[in-house]
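Please open the model in your viewer and keep the selection tool at hand. The stops below tell you what to select next and what you will find there.

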Amino acid sequence: MRSMIHYTNLGSRLLPAFGFADRSPIVRLEGDFGRWFETALAGLAAPACDNHFPVDVYEDKDNTYVRAELPGVNRDDIKVEMVDGFLTINASRKSQVAEGKGEESFSFCRSVSVPENVQSEKVGAAYENGVLTVTLPKQEETKPKKITVAVK
Amino acid sequence: MSLLQNLDPTLAGSPARCECDCTPNAEPTVRPRHEVSETDEAWGLQVYLPGVAKDGLEFTAEDGQIVIRGRRDWKSPDGWTALYRESADAPYELVLRHDQTIDVEKIHAELKDGVLRVSLPKSAAVKPRQITVN
């Protein structure tokens with residue numbers, strides 16, 4: 001989110017001479033990194049998430065699959081939602097810190113853009129060895145009808 | 001498991017790795033994310049190994065170092081095409097050196113949902129001892 005602040009500072013981007021004067025090289029570098037990441041992940045990452053996790057997307061002829069690495073999460077703490085062509089995965093990990101210090105909780109979320117032809121009501125998910133696999137069945141293609149016209 | 005090594009993972013690098021398996025490591029490995037904690041009684045190690053099942057895990061403790069190797073259980077079935085990848089297929093490998101203050105016989109490890117939790121009890125000599133003053 002911090003990088004967004006740098007972008008609004010358009011004046012210094014357009015006028016490098018002035019930009020160099022009022023922004024330290026480190027701040028500029030930070031802004032550049034942020035921009036690279038946002039470009040690379042555009043469309044895949046929703047900006048509202050703090051903690052990301054690696055995601056793979058696969059496809060075969062019937063389904064699209066999204067695999068997410070979420071080690072050490074309870075099945076009850078994983079929420080998978082389909083909204084407006086985006087698959088959103090929310091998860092939280094609770095871990096016992098050293099005795100007497102109580103519990104630590106981390107939350108993760110990630111949105112992945114999925115193809116439009118998904119049958120949202122048939123989406124399924126499985127969790128195994130710390131990896132979540134979401135199966136998104138494709139809509140059956142409406143087959144073009146073949147009509148034979150008898151010529152008399 | 002010196003503090004120095006925890007701060008700079010590169011110190012745990014290749015020389016130690018070559019000693020343990022004499023063939024040079026041809027296969028690239030991924031160093032998994034891990035956390036180390038400490039109590040009076042033991043060191044705690046938590047290693048994140050998503051995709052590793054119990055069968056694919058190898059854990060050795062010898063000569064002052066702990067080696068954890070994990071092979072991913074899952075391979076993409078035939079007919080699956082990868083559209084976008086962020087994870088790696090390479091096996092995990094974590095080598096941690098320690099200063100021989102661990103009671104190797106009593107190491108306890110548990111793998112659940114891709115997280116390996118290891119308890120490394122300190123040997124009696126290094127545990128804090130209460131000394132009564134007369």
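**Before you start**

This is a predicted model, in which local features need pLDDT of at least 70 and side-chain atom pairs count only at pLDDT 80 or more, while totals for chains, interfaces and linings use all residues. Residues are numbered from 1 along each chain as its sequence is written, and chains are lettered from A and ligands numbered from 1 in the order in which they are written.

**Stop 1: chain B as a whole**

The mean pLDDT of chain B is 81, and 81% of its residues reach 70 or more. Now select residues 11–22 of chain B, where pLDDT stays under 50 and for which the model has 13 contacts beyond four places in sequence; two residues are in contact if their C-beta atoms, placed from the backbone, lie within 7 Å. The model scores ipTM 0.71 and pTM 0.66.

Switch to a cartoon view, and chain B shows two helices and eight strands, in the pattern α-α-β-β-β-β-β-β-β-β along the sequence. Helices (H or I, at least four residues) and strands (E, at least two) are DSSP runs, numbered from the N terminus.

**Stop 2**

In general, strands of a sheet pair through backbone hydrogen bonds, either parallel or antiparallel.

Zoom in on strand 1 and strand 2 (residues 42–48) of chain B, which pair in the antiparallel sense over five bridges. Here S37(B) has G44(B), in strand 2 of chain B, as its bridge partner.

**Stop 3**

Strand 3 of chain B is joined by seven bridges to strand 4 (residues 65–72) of chain B, and the two run antiparallel. Find V52(B), which stands opposite R72(B) in strand 4 of chain B.

**Stop 4: where the chains touch**

Show both chains: 24 residues of chain B are in contact with 19 residues of chain A. Which elements give two or more residues to the side of chain B that touches chain A? They are strand 2, strand 3 (52–62) and strand 5 (81–84) of chain B, and strand 5 of chain B gives the most, with four residues.

Stay on strand 5 of chain B, which pairs with strand 1 (residues 55–59) of chain A in the antiparallel sense over three bridges. In this region Y58(A) stands opposite A82(B) in strand 5 of chain B.

**Stop 5: the largest nonpolar core**

Select V47(B), L49(B), L94(B), L116(B) and L120(B), which touch the most other members among the 19 residues of the largest nonpolar core. Such a core is a set of buried Ala, Val, Leu, Ile, Met, Phe, Trp, Tyr and Cys residues joined through C-beta atoms within 7 Å. A residue is buried if 20 or more other C-beta atoms lie within 10 Å of its own, exposed if 12 or fewer, and partly exposed in between, with C-beta atoms placed from the backbone.

Strand 2 of chain B gives the most to this core, with five residues. Centre on L116(B), which touches V47(B), L49(B), I68(B), A109(B) and L111(B), not counting residues up to four places away in sequence.

**Stop 6: two residues with positive phi**

Most residues other than glycine have a negative phi. Select D84(A), whose phi is near 50 degrees, a positive value, in the loop between strand 3 (78–83) and strand 4 (86–96) of chain A. Is D84(A) buried or exposed? D84(A) is exposed, with 7 other C-beta atoms within 10 Å.

Finally select D113(B), in the loop between strand 7 and strand 8 (115–121) of chain B. The phi of D113(B) is also positive, near 50 degrees, and D113(B) is partly exposed, with 18 other C-beta atoms within 10 Å.

How values were computed. Pairing = 2+ DSSP bridges. pLDDT = per-residue confidence, 0-100.
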